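Open the model in your viewer and keep the selection panel at hand. Each stop below says what to select and what is there.

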Amino acid sequence: MISKISGLVILNSWLNGFVVLLFLTIILILICAISILFRIGKINSNTSNMLFKDEEVRFKHYINTMNSKQIKDFINVKEKLLSKSDSKNTMVSILIISLFLIGKQGYAQDSIDASSDGLMTSGGVIITLILIAIPVIVGILLLVGRIRKSVNKISERNKLAEAKRLAEYLKSLPEKELETTLKRREEAVNYQLSQQELSGNLPIVDKRGLITENPDTSLPFVAVKKKASKRPPVDPKIARLVLWFTATATFWLVFGTSIGEYVGVKFVVPDVDQISWLSFGRLRPVHTNAVFWGWASLGMLGLGYYSVPRVGNNKLFSYKLGWITLILINAAVLFGTIALMAGINNGGGEFREYIWPIQLLFAIALVITLINFLKTIARRKTKEIYISNWYMIAALIFAIIITIVAYVPFWQNGLGETIVQGYYMHQGVGMWFMMFTLGIVYYYLPQQLNRPIYSYSLGILAYWTQILFYTLIGTHHFVFSAIPWWLQTVAIVGSAGMVIPVVAGTTNFVMTFKGAWHKITDSYTLPFFIVGIVFYFTGSMQGTAEAFREANLLWHFTDFTVAHSHLTMYGIITFFLWAGMYTIIPRLTGKEAPQITVGAHFWMALIGLLFYSVPLMIGGTMRGLSWMEGKPFLESVVLMAPHWLWRAIGGSLMWLSHLVFAYNLYKMWRSKPALDVKDLAIRELEKDIL
């Protein structure tokens with residue numbers, strides 16, 4: 001009793017000290033914020049006093065940094081001014097417009113341990129501290145946001161004042177001086193190097209072997225990548241539809257993996273909560289279903305809604321049906337998440353935990369999409385149906401079939417339900433996610449490389465052999481079970497047959513890179529494709545190896561299968577989806593994400609996946625061997641503890657990368673361009689025309 005009281009006293013004093021520390025931190029932050037605001041005001045005052053110093057030098061710099069587009073815009077404004085005022089004032093106004101255009105490039109409890117060490121390392125204490133820290137962190141973020149907003153307002157105000165003075169300066173310039181300056185600047189902007197100024201036109205002749213060529217021209221850190229090439233504008237209707245599919249998919253990615261992150265933490269801190277809605281048994285299906293039906297399905301369909309009409313050179317049959325699909329799938333995932341957390345589920349099998357009325361919404365959305373795609377393809381203006389549409393239509397048909405098979409109860413008695421579960425689970429991965437995603441790759445990869453797919457015949461071979469073999473392999477998850485032996489053997493044979501489509505598809509994708517490998521160093525989208533292709537081959541071949549009886553006996557029911565599922569669903573599907581999104585979104589919005597954050601997203605996701613999967617494969621193998629040796633089950637649990645820690649570390653990196661991806665999506669869609677003095681000055685000049 002005394003030990004418990006002393007433990008509580010220690011906990012209470014420790015928490016009081018923590019609260020006092022947080023309070024002092026907040027006071028310190030407030031003082032810093034007030035100091036910053038005063039300094040901003042001082043800077044603002046100093047800036048306003050300096051605006052009139054060296055104005056002519058600054059304004060001439062604006063003129064001398066104009067690009068060709070700004071010069072053209074200037075000429076257009078000049079013509080309008082000529083019709084409004086005399087030629088001299090018109091030339092001055094045109095120059096002002098040109099100067100403004102120059103800067104366009106703006107940037108789930110155990111008893112409490114009485115010891116102090118036990119209290120400090122208790123999961124409940126840690127979580128309590130985290131919960132206390134959350135509102136503090138939110139407050140700090142809000143404060144930082146407020147300060148940033150104030151700084152931006154001051155900066156905008158200063159730029160507006162600078163723009164007005166620049167406009168007046170441009171009006172005061174002589175017409176001839178303005179014309180001469182603009183002409184000289186246009187010639188400088190349009191000048192291009194021959195790229196042979198240093199090397200010359202002659203071939204390298206080095207008889208003494210003193211010259212060494214270095215083909216690696218990349219920077220040692222954060223190499224500059226190429227920007228997306230300018231393309232004709234996209235129909236705003238399809239652009240808006242695709243962007244909303246992508247945005248909602250990203251929301252479910254962040255939500256689903258946040259749940260997965262919390263579930264992963266429970267492997268390390270199992271007494272983290274006692275709330276039924278947050279129990280492992282309820283949150284695990286919330287995680288898997290959210291990323292399956294919310295993230296991957298919405299992401300695939302969004303990319304499909306763009307590519308299906310494009311390869312047929314026509315418009316989408318019905319935008320309304322596309323929006324209905326978007327609403328139905330999001331409603332299914334939302335209602336399904338609430339139902340699962342409340343304990344309402346279809347307890348028949350993995351990945352079909354949603355009760356049938358909720359899953360029905362998803363099935364209806366698939367039927368609507370199939371109709372929409374078929375009618376779009378039927379109205380195509382090209383003679384042939386491109387292979388990407390073959391894959392997508394087949395994926396939709398199989399997804400509808402497997403959903404019906406999984407939820408219609410006629411044959412689901414005893415072993416029948418087990419067989420149906422194996423069929424549904426594997427067809428969901430291979431004939432919905434994989435099939436549709438391959439269709440995406442067959443469009444976006446050649447398009448990004450600006451070259452055709454290596455072999456149409458290899459694509460057709462992979463297509464038909466995947467339909468033949470993948471539909472047979474579901475029961476390889478139930479080897480050594482009561483299912484008929486012949487059915488297990490058929491599944492193993494089908495798994496071995498999957499070597500054909502995987503090798504054919506991988507060869508097709510790799511050979512498409514032939515002669516274009518150098519483009520990877522200059523692109524921030526192609527590395528995502530490369531990772532997807534690598535895991536497509538290795539992950540799929542790993543699945544074939546796991547199907548054999550000897551390997552199945554070792555790895556089945558261990559964490560090895562968890563690693564395998566992430567290598568495929570994450571390493572293949574998710575990386576391919578990211579590649580497609582980074583390819584298409586800049587064309588829909590005209591904006592690109594910061595390349596350094598795209599790189600951070602890529603490496604955090606890839607390293608996180610490796611930290612997650614490799615330790616689980618090693619630990620899963622050791623666990624299987626311990627079972628085969630007849631060692632106690634609990635011993636294998638202790639054995640997995642360090643591997644689960646690596647799982648949590650890798651999962652955390654993956655989760656953080658998703659937050660970065662969400663930020664990149666925001667920058668590509670909703671980000672506000674920075675104000676530029678030269679643009680503002682041009683607007684001031686345009687007011688004179690009006």
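**Stop 1**

Select Gly619: at 0% relative accessibility it counts as buried, where buried means under 20% relative accessible area, exposed over 50% and partly exposed in between (1.4 Å probe, protein chains only). This is a predicted model, in which local features need pLDDT of at least 70 and side-chain atom pairs count only at pLDDT 80 or more, while totals for chains, interfaces and linings use all residues. Residues are numbered from 1 along each chain as its sequence is written, and side-chain values use heavy atoms, with hydrogens and water left out.

Gly619 sits in helix 20. Helices here are DSSP runs of H or I with at least four residues, strands are runs of E with at least two, and both are numbered from the N terminus. Show what surrounds Gly619. Leaving out residues up to four places away in sequence, Gly619 touches Met640 and His643; contact means heavy atoms within 4.5 Å. Now draw a distance to Ala641. Gly619 and Ala641 are 22 residues apart in sequence, and their C-alpha atoms are 9.1 Å apart in space.

**Stop 1**

Helix 21 covers residues 633-669. Axes are lines fitted to C-alpha atoms, for helices over the stretch in contact, and angles run from 0 to 180 degrees between N-to-C directions.

Look at the crossing. Helix 20 passes helix 21 in a left-handed one. Left-handed means that the near helix is turned anticlockwise from the far one by less than a right angle; clockwise is right-handed. Colour the contact by class: 25 residues are nonpolar, 12 polar and 2 charged. Ala, Val, Leu, Ile, Met, Phe, Trp, Tyr, Cys and Pro count as nonpolar, Asp, Glu, Lys and Arg as charged, and the others, Gly among them, as polar.

**Stop 2: Trp669**

Stay on helix 21 and go to Trp669. Is Trp669 buried or exposed? At 17% relative accessibility, Trp669 counts as buried. Beyond residues up to four places away in sequence, Trp669 touches Leu243, Trp244, Ala247, Thr589 and Lys591. Trp669 and Leu243 are 426 residues apart in sequence, yet 8.1 Å apart in space, C-alpha to C-alpha.

**Stop 3: Ala290**

Move to helix 9 and pick Ala290. Ala290 is buried, with a relative accessible area of 0%. Its contacts outside four places in sequence are Trp252, Phe255, Gly256, Trp295, Val333 and Tyr354.

**Stop 5**

From helix 9, follow the loop to helix 10, passing Asn313. Phi of Asn313 is near 55 degrees, a positive value in a residue other than glycine.

Select residues 319-341 (helix 10) and 356-378 (helix 11). They pack at about 160 degrees, with axes 8 Å apart. Helix 10 and helix 11 are therefore roughly antiparallel to each other. Their crossing is left-handed. Residues in the contact include Leu321, Leu328 and Phe335 of helix 10 and Leu361, Phe362 and Ile368 of helix 11. By class, this contact has 14 nonpolar, 5 polar and no charged residues.

**Stop 6**

On the way, stop at Asn450, in the loop between helix 13 and helix 14. Asn450 is exposed, with a relative accessible area of 65%. Its phi is near 60 degrees, again a positive value in a residue other than glycine.

Select residues 456-470 (helix 14) and 499-512 (helix 16). The packing angle is about 155 degrees and the axes are 8 Å apart. That makes helix 14 roughly antiparallel to helix 16. Helix 14 passes helix 16 in a left-handed crossing.

**Stop 4: helix 17**

Finish with residues 526-547, helix 17. Helix 17 is mostly covered, with 16 of its 22 residues buried.

Technical notes
Parallel < 35°, antiparallel > 145°, perpendicular 65-115°, else oblique. Expected span 1.5 Å × (residues − 1).
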